[in-house]
Amino acid sequence: MFQISALKSLQILEAPLDSFPVQNIQNKLTWNCRGCSINHLNMILSFATKRRFDSDVSQKLFDEVVRQMELRWVEIEDPALIISLIYQSKNLKPQFIAKLEDKVITEAEHLDPSTITSVCPSIFEYFSMFA
């Protein structure tokens, strides 16, 4: 998504976080969350997670991405995407992570062994946070 590239470029150029271009692009990205694919949402989530404490607009972007992921969780079918979300579980609600775990369990019979071995460490890491 070109908005993420634009924001990264503005950051490299040391544009102030409260400048109009930065806030305008973040606002546009927030609105685009509602219509983009799950894979794009994951990319935006990775970007927004790192910058969510930068400004109010950044926090709104993060909150909207998380909300859209939670609303559209049934669209998540790619095991790599599930792994990515489980790795980011400290930023997500436990109910959403539980839905992802259920999704992994129901899809496990269709997964190849290499995918299962890549999912297991991320789930173990998630559960070890609570131990």
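A residue is counted as buried when its relative accessible area is under 20%. The structure described here is a predicted model. By that criterion, C33 is buried, because its relative accessibility is 0%. C36 is also counted as buried, because its relative accessibility is 7%. Across the protein, which has 131 residues, 44% count as buried.

The protein contains 7 helices and 0 strands. From the N terminus onward, the order of elements is therefore α-α-α-α-α-α-α. The C-alpha trace spans about 50 × 30 × 25 Å along its principal axes. Contacts between residues at least 6 apart in sequence were also examined, and 65% of these join residues at least 24 apart.

The largest nonpolar core has 31 residues. Within this core, the residues with the most contacts are I44, L45, I76 and L85. At least two core residues are supplied by each of α1 (2-12), α2 (20-32), α3 (38-51), α4 (56-71), α5 (79-87) and α6 (94-107). The largest share, 6 residues, comes from α3. The surroundings of I76 can be listed individually. When residues up to four places away in sequence are not counted, I76 touches I38, L81, I82, L85, F96, L100 and K103.

Helix α4 was considered in more detail. This helix has 16 residues. The distance from its first C-alpha to its last is 22 Å, close to the 22 Å expected at 1.5 Å a residue. The buried residues in α4 are V57, S58, L61, F62, E64, V65, V66, Q68, M69 and E70. An α-helix has 3.6 residues a turn, so residues three or four places apart point the same way. The cover over the buried residues of α4 includes α2, α3, α5 and α6.

One of the buried residues of α4 is M69. M69 counts as buried because its relative accessible area is 0%. With residues up to four places away in sequence left out, M69 touches I38, L41, N42, L45, L85 and F96. Among these contacts of M69 are L45 and L85, both of which are listed with the most contacts inside the largest nonpolar core. M69 and L92 are 23 residues apart in sequence, and their C-alpha atoms are 9.6 Å apart in space.

The side chains were also searched for particular pairings. Over the whole structure, 0 aromatic pairs were found. Arginine side chains do, however, lie over aromatic rings. R34 lies over the face of W31, at 4.4 Å from the ring centre. R52 lies over the face of F62, at 4.6 Å from the ring centre. F62 is itself one of the buried residues of α4.

The count of disulfides is 0. A disulfide requires two cysteine sulfur atoms within 2.5 Å. For C33, the closest cysteine sulfur is that of C36, at 5.4 Å, and this is too far for a bond. For C36, the closest cysteine sulfur is in turn that of C33, at 5.4 Å, so a bond is again excluded by distance.

Definitions and conventions. Residues are numbered from 1 along each chain as its sequence is written. This is a predicted model: local features need pLDDT of at least 70, side-chain atom pairs count only at pLDDT 80 or more; totals for chains, interfaces and linings use all residues. Side-chain values use heavy atoms; hydrogens and water are left out. Rings of Phe, Tyr and Trp (its six-membered ring) pair if their centres lie within 6.5 Å; planes under 30 degrees apart count as stacked, over 60 as edge-to-face and the rest as tilted. A charge sits over a ring if NZ of Lys or CZ of Arg is within 6 Å of the ring centre and within 35 degrees of the ring normal. A nonpolar core is a set of buried Ala, Val, Leu, Ile, Met, Phe, Trp, Tyr and Cys residues joined through side-chain atoms within 4.5 Å. Buried means under 20% relative accessible area, exposed over 50%, partly exposed in between (1.4 Å probe, protein chains only). Helices (H or I, at least four residues) and strands (E, at least two) are DSSP runs, numbered from the N terminus. Contact means heavy atoms within 4.5 Å. The expected span of a helix is 1.5 Å times one less than its number of residues.
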